[in-house]
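Reader: I'm new to this one. Could you walk me through how to read it?

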Amino acid sequence: MSEYKLVAKRLKEARIVTGLSQRRLGIEAGIDEFSASARMNQYETGKHQPDLSSAKRICAVLGVPVSFLYCVEDDLALLNKVFYKLSAEDKAALLKIASKY
């Protein structure tokens with residue numbers, strides 16, 4: 001799968017989970033309201049890819065880490081998303097366990 005298609009897949013997956021339309025996500029991420037829907041559609045179809053600054057804003061709205069967009073393996077993407085949502089205490093505990101491996 002190409003990088004553009006991977007980002008498109010992850011982006012659409014996260015947007016659907018949040019229940020946001022492409023237009024609403026784009027607007028909340030700071031994209032001009034008149035081009036928000038078209039731009040998000042291009043990202044989700046893999047025609048274009050957001051630059052890092054845009055990806056950060058989009059991911060902040062979606063509540064996922066930017067790294068989630070680039071995870072090749074589905075299980076790693078899920079772990080990435082879950083880790084992002086953990087409390088600082090839970091992250092520290094999980095990292096302590098992970099450091100043993």
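**Reading the chain**

Author: Let's start with contacts, meaning heavy atoms within 4.5 Å. Of the contacts in the chain between residues at least 6 apart in sequence, 48% join residues at least 24 apart. This is a predicted model, where local features need pLDDT of at least 70, side-chain atom pairs count only at pLDDT 80 or more, and totals for chains, interfaces and linings use all residues. Residues are numbered from 1 along each chain as its sequence is written, and side-chain values use heavy atoms, leaving out hydrogens and water.

Reader: How many helices and strands does the chain have?

Author: Helices (H or I, at least four residues) and strands (E, at least two) are DSSP runs, numbered from the N terminus. Here there are 7 helices and 0 strands.

Reader: Which residues of helix 1 are buried?

Author: Buried means under 20% relative accessible area, with a 1.4 Å probe and protein chains only. In helix 1, which covers residues 3–18, they are Leu6, Val7, Ala8, Arg10, Leu11, Ala14 and Arg15. Those residues pack against helix 2 (22–28), helix 3 (36–45), helix 4 (52–62), helix 5 (66–70) and helix 6 (74–85). After helix 1 comes Gly19, with a positive phi near 80 degrees.

Reader: What does Arg10 lie over?

Author: A charge sits over a ring if NZ of Lys or CZ of Arg is within 6 Å of the ring centre and within 35 degrees of the ring normal. Arg10 lies over the face of Phe68, 5.8 Å from the ring centre.

Notes: The expected span of a helix is 1.5 Å times one less than its number of residues. Buried means under 20% relative accessible area, exposed over 50%, partly exposed in between (1.4 Å probe, protein chains only).
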